[in-house]
Amino acid sequence: MSVLTEERLFEPFIDATDGVLCLPAGSDEAEIERLAGLHGLRFPLLHDRGAPLCDQVAASPFAPASSRFGPYCDNITGMNWELPDGRRVRIGERVVKSTTGYDLLRFLLGTVGRYGRPVDYVLRLRPACEESQTFFLRGDPVLLREAAAGILRTSWIHWFDSVDVLEGGEFSSLLRVAVNCPAEECDAYLGFLSGIAARHGLSLDQSPGLPMDGCPDLVIKTSPEVLPDIVQLLSGEYGAKCVGLCYCGVVHVFLPGQNPDSICRIAQALEPGLHAVGGDWSSRHVMPVNPDSPETEWIGKLKKEWNLP
Amino acid sequence: MIPSSQYLRKHLRRTVPHSRVLTSPAQLTGYASDGLGYKSFLPDAVVIPADAEELIKVILALKGIPICMRGAGTSLSGGPVAAQGGVVIHTSRLRAIRRICPEGFWCEVECGVNLDQLDQALAPYGLCYPPDPSSGQVCTIGGNVASNAGGAHCFRYGVTGNYVLGVEVVLPDGTLHCFGGPAGGRGRWREDWKKLMVGSEGTLGAFTRFWLRLTPRAEKAWTFSATYASLEATERAVHGLVRHPAFPVAIELMDPRAVALVESSPMAMGLPENRFMIVTEIDGPADLVDLRAESVAEVLRSAGSTDVQFGDNPEDRKNLFRARKAIGGLLGQMSPDYVVQDAVIPKRALAEILRLIYDESDRAGLPVVTVMHAGDGNLHPNFVFDSGKPEELEKIEVISKKLMKQVIAVGGTLSGEHGIGNDKCDYMGMVFGPEALRLQLSVPMIFNPSHAFNPLKVFPERRFVP
């Protein structure tokens, strides 16, 4: 038999050597940057300046920098989780790699309040380099699409914080590439992107800093090869402002002024195609639909085991 | 009560041709253990289904009998063995790479595909599937997903779970479900059930098919080696590397005994005696990695190494990693048995935990050879012993328990990439408090409440009750 121990909740800490930071889930960008920045580190997956981190995670499993670092669930290594009746449980670890038990961490991170809420997160931090630049390639949409595919096919893709197609709203068609690198490497990045721009007849300009788009109203998860078509459909047919995270196959859709019903209608129009490839949609404004059998039964069992209402 | 082998043979041959139902003791012996060789459990039968359809029929036919899914059997934690008797289902016939989609960076594979087979198929597309456990030549994707396998290059690229977009699984009731798919989302489900499937060690169902994320192959790699006289200097080097903006893909540590093993093998490289060795690597576009190489070498030098070597010759790189990955096999020279632990520790505790390992090993008179995915803090101390000597087995258990206790005390965890299997079950109570343990045990209750699939694994409470 196992020897039982007490609940081992995380206490707030920062470990600069391991690059992990434990802080309240409600912390915002300023607080996270302040704590990580003291040690030359950063948490790259922030996509909204004002929103608490837990709201950002709930709004989308991905941020633009997920191209380079993966989704939130690969960058949150542990958390203190509060069940609906107030019980608090440690989920996950403070080390970056674990196969100890079932992966409730990744499961719960995607459940947005249905089985409780995060109280504290343990974040995986990365070295913060001194130069942050965002490059914009503009031109013919077909050529932009080819340029994006060209970037994705090279091993440069691992070194860009994000490679995003932007369409609709105030955007004209453009390809956005974000870079965080040591100063001495800037020319290499610029050289590569200038080459891509020249090859495809696109203009290239840049601005300092990394993109911060805000929390999307609708998130579409599809596979990378169909992403450009979905972006085009959403921006063309529904007038939505879209940020397509090319490598992740994720579209962040911004629909200011739309009510939950109309967001739901847009998403449901895409649903059959998404489900066919194992994709999905979610919106912070829309409650998820009730599950079908047999999922209802699985959820029922889980709730019973966890003593949840 | 599990039926006899003779009964199982008759029963299973109604579903599967007789050549793929194994019941003779000589045949069963090959399935009695995994890489944790000293703990063996003879199954009552082994069945090799031809495809997913046949697998479903087999599972339905085995209602009321413990089932253990098995790929190549290279697990190091006592995972794919029939710990409570019953039938082992071997997935060696499900070996098709069904589709590679280079534009979408995904592929669809059956569970018995092995890593080298996949790598060879991806090479012409300039793509790769990064997880690289040392057993890559033989281990299967199914086993890798079940144990959420890692490998040397996971420090930057991540482990298996980071690449699983979708899982097709047969649940114990014989129903077949897809969780996710090429897009890697939830699919038609409200919850993302595949997150629970990855790393579930065969305790929730039988995997048949996966959709895996792919990534472009690195254009160029620089590989570095450096040796150190002390643990403290080695730890300094690791700390310097993990913070380096070149983001090394791998940071591997070999202790003096591991270095000596390599030097006594045909892979000898003329490495110095009594030194800790670090092997690290950066990769990416040539324009970037060429800029970074010298600064990585400087990190290794500034930690105290006077013999830093680095280069971009692919053949040298291959040799270096081949030597590192061969250490498990070379241990056979030292003793009949070995047990490898897989704890993950915060990297600030690296020297402290390694010292504990050496002290305990010296005290017990049992040699230990340690390698480590140091970037991840993932320790692999290999304790060599003779399981034929009960006192040695007892000593191993005492050392393992002490080590795990200290690992937890410094903020680490039991397993980073091997899984718990039946080897580390008894330590789970050190990690999970009563409430967390209850939540953990609820997961198999959703899909496999009778624990028919892989009983006595992960948690000791998981005993099959017909």
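This is a predicted model: local features need pLDDT of at least 70, side-chain atom pairs count only at pLDDT 80 or more; totals for chains, interfaces and linings use all residues.
Biologist: Switching to chain A, what domains is it divided into?

Modeller: There are domain 1 (18-127) and domain 2 (131-208). Their C-alpha centres are 28 Å apart.

Biologist: How many residues does each of the two domains of chain A put into their contact?

Modeller: Domain 1 of chain A supplies five residues and domain 2 of chain A supplies seven residues. On the domain 1 side, the classes are three nonpolar, one polar and one charged.

Biologist: Back to chain B, please. What is the strand order in the open sheet of five strands?

Modeller: The order is β5-β6-β10-β8-β9 in chain B, and the pairing is antiparallel. At the edges are β5 (97-101) and β9 of chain B, each of which pairs on one side only. On average, neighbouring strands in this sheet are turned by 10° against each other, ignoring direction.

Biologist: Which helix packs on that sheet?

Modeller: Helix α3 (residues 52-61) of chain B does, and α3 touches β8, β9 and β10 of chain B. The direction of α3 makes about 145° with that of β10(B).

Biologist: How many bridges pair β8(B) with β10 of chain B?

Modeller: Six bridges, in the antiparallel sense, with β10 spanning residues 206-213. As one example of who faces whom, B:V170 is opposite B:A206 in β10(B).

Biologist: One more strand: is β14 of chain B mostly covered or uncovered?

Modeller: Mostly covered, as nine of the nine residues in β14 (residues 276-284) of chain B are buried. B:F276, B:I278, B:T280, B:I282 and B:G284 point one way, while B:M277, B:V279, B:E281 and B:D283 point the other way.

Biologist: Which strands are joined to β14(B) by bridges?

Modeller: Strand β12 (residues 220-228) of chain B runs antiparallel to β14(B), with nine bridges, and B:Y228 has B:F276 as its bridge partner. Strand β13 (residues 250-254) of chain B is also antiparallel to β14(B), with five bridges. There, B:I251 stands opposite B:T280.

Definitions and conventions. Residues are numbered from 1 along each chain as its sequence is written. Chains are lettered from A and ligands numbered from 1 in the order in which they are written. Domain bounds come from an automatic or database domain assignment. Ala, Val, Leu, Ile, Met, Phe, Trp, Tyr, Cys and Pro count as nonpolar, Asp, Glu, Lys and Arg as charged, and the others, Gly among them, as polar. Two strands pair if DSSP finds at least two bridges between them. Helices (H or I, at least four residues) and strands (E, at least two) are DSSP runs, numbered from the N terminus. Axes are lines fitted to C-alpha atoms, for helices over the stretch in contact, and angles run from 0 to 180 degrees between N-to-C directions. A residue is buried if 20 or more other C-beta atoms lie within 10 Å of its own, exposed if 12 or fewer, and partly exposed in between; C-beta atoms are placed from the backbone.
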